[in-house]
Amino acid sequence: MTMPKGLGRVLPEIVGRDVFDALVIRTDFSDDESWTAVVGELRRPWGPGGEFPARVQVVDARAWSGATSDEVLAAVDEDEYLGVVFVADRHAMRPPTRGLPALTTVRDDEDDLDPVYYQDLVESPEPREFRAAPAAVHSVRVNVTLGTMDFAEFAAAASAESDRVLRPVRPV
C-alpha cells in the first residue's frame, strides 16, 4: 500500500507495470457501462493505421474512488520510469469525448529555482495536466516516455481544441 505524503488515505500499490504500459487509474465508479466503453477504447490498436498494439495497465480498484490528482501523483511518485499517468474520473465517463486527465509526474521544484535566471519558468510554470481521448493515450505515453515530445507540447495541442481534449492525429 502507498500512503501519499501528507495525506491520511492509503491507496493500493501499483505492481507489475511494464515501463511501456500506459497507466490508467479509475477514480469514478458511478457508471460501469461507460467504464467498459473507456477500457474498450484503450485496448484498441493505435497509430495511423492501427498498427501498434495497445499496451495499457488499468487500475480498477474501489480504493481509488474519488482520488484527487494530487493523491494519484503522490501514489505513483516512486515510479521513476512513469512520465505520465491517466485518470478515469467522472468527466472521462461522459460520452462522446471521454477525456481522461493526463497528469505529468515530472515536477519542477519552483522553490529551488533562482528567479534571476529562471524568471520565465517561475512566472509561467509548465502545465500539469490536460485531457486526452482514450484513443490518444498511447501516443502521449509513447512520446513522453521516449522523449520525442514533451508533456507541454501535448497540453498545448489539447488547449487548442474547442473542448480542450486531445485527440489522435488522423492521417491525411
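Is Arg98 buried or exposed? I started my notebook with that one, and the answer is that Arg98 is buried, with a relative accessible area of 10%. One reminder to myself before going on: this is a predicted model.

**Entry 1: two arginines**

I looked up where Arg98 sits and found it in the loop between β3 and β4. Its phi is near 55 degrees, a positive value in a residue other than glycine. I then turned to Arg164, where phi is near 65 degrees, again positive in a residue that is not glycine. Arg164 belongs to the loop between α5 (151-159) and β6 (165-166). Here I found an exposed residue, with a relative accessible area of 51%. The cut-off for exposed is over 50%, so Arg164 counts as exposed at 51%.

**Entry 2: a cis bond**

Back in the loop between β3 and β4, I stopped at Pro96. The peptide bond that runs from Pro95 to Pro96 is cis, and its omega is near 5 degrees.

**Entry 3: the overall plan**

I counted five helices and six strands in the protein. Following the chain along the sequence, I wrote down the pattern β-α-β-α-β-β-α-β-α-α-β. The protein has 172 residues, and 41% of them count as buried. I also checked contacts between residues at least 6 apart in sequence: 69% of these join residues at least 24 apart.

**Entry 4: helix α1**

Which residues of α1 are buried? In this helix, residues 32-42, I noted Ser34, Trp35, Val38, Val39, Glu41 and Leu42. They lie on the same side of α1, because they cover an arc of only 160 degrees around the axis. On the other side I found Glu33 and Thr36, which are exposed.

What do the buried residues of α1 pack against? My list has the strands β1 (22-26), β2 (56-59), β3 (84-88) and β4 (100-104), plus the helix α4 (137-146). At the start of α1, I saw that a side-chain oxygen of Asp31 comes to within 3.2 Å of the backbone nitrogen of Glu33.

**Entry 5: a cavity**

How many cavities of 30 Å³ or more does a search of the whole structure find? It finds one. The largest cavity holds about 30 Å³ of space. I wrote down its lining: Arg17, Val19, Asp21, Tyr81, Leu82, Gly83, Val84, Arg141 and Thr145. Sorted by class, that lining has four nonpolar, two polar and three charged residues.

Notes
Residues are numbered from 1 along each chain as its sequence is written. This is a predicted model: local features need pLDDT of at least 70, side-chain atom pairs count only at pLDDT 80 or more; totals for chains, interfaces and linings use all residues. Side-chain values use heavy atoms; hydrogens and water are left out. On a 1 Å grid over the protein atoms alone, a cavity is a set of points where a 1.4 Å probe fits but cannot get out, and a pocket is an open set with protein on both sides within 12 Å along at least five of seven lines; lining residues have an atom within 4 Å of a point. Grid points are joined across faces, edges and corners, and a volume is the space filled by probe spheres set on the points. Ala, Val, Leu, Ile, Met, Phe, Trp, Tyr, Cys and Pro count as nonpolar, Asp, Glu, Lys and Arg as charged, and the others, Gly among them, as polar. Buried means under 20% relative accessible area, exposed over 50%, partly exposed in between (1.4 Å probe, protein chains only). Helices (H or I, at least four residues) and strands (E, at least two) are DSSP runs, numbered from the N terminus. The arc is that of the directions from the helix axis to the C-beta atoms. Contact means heavy atoms within 4.5 Å. A polar contact is a pair of N or O atoms within 3.5 Å; within protein, one must be able to donate a hydrogen and the other to accept it, and residues adjacent in sequence count only if both atoms are side-chain atoms.
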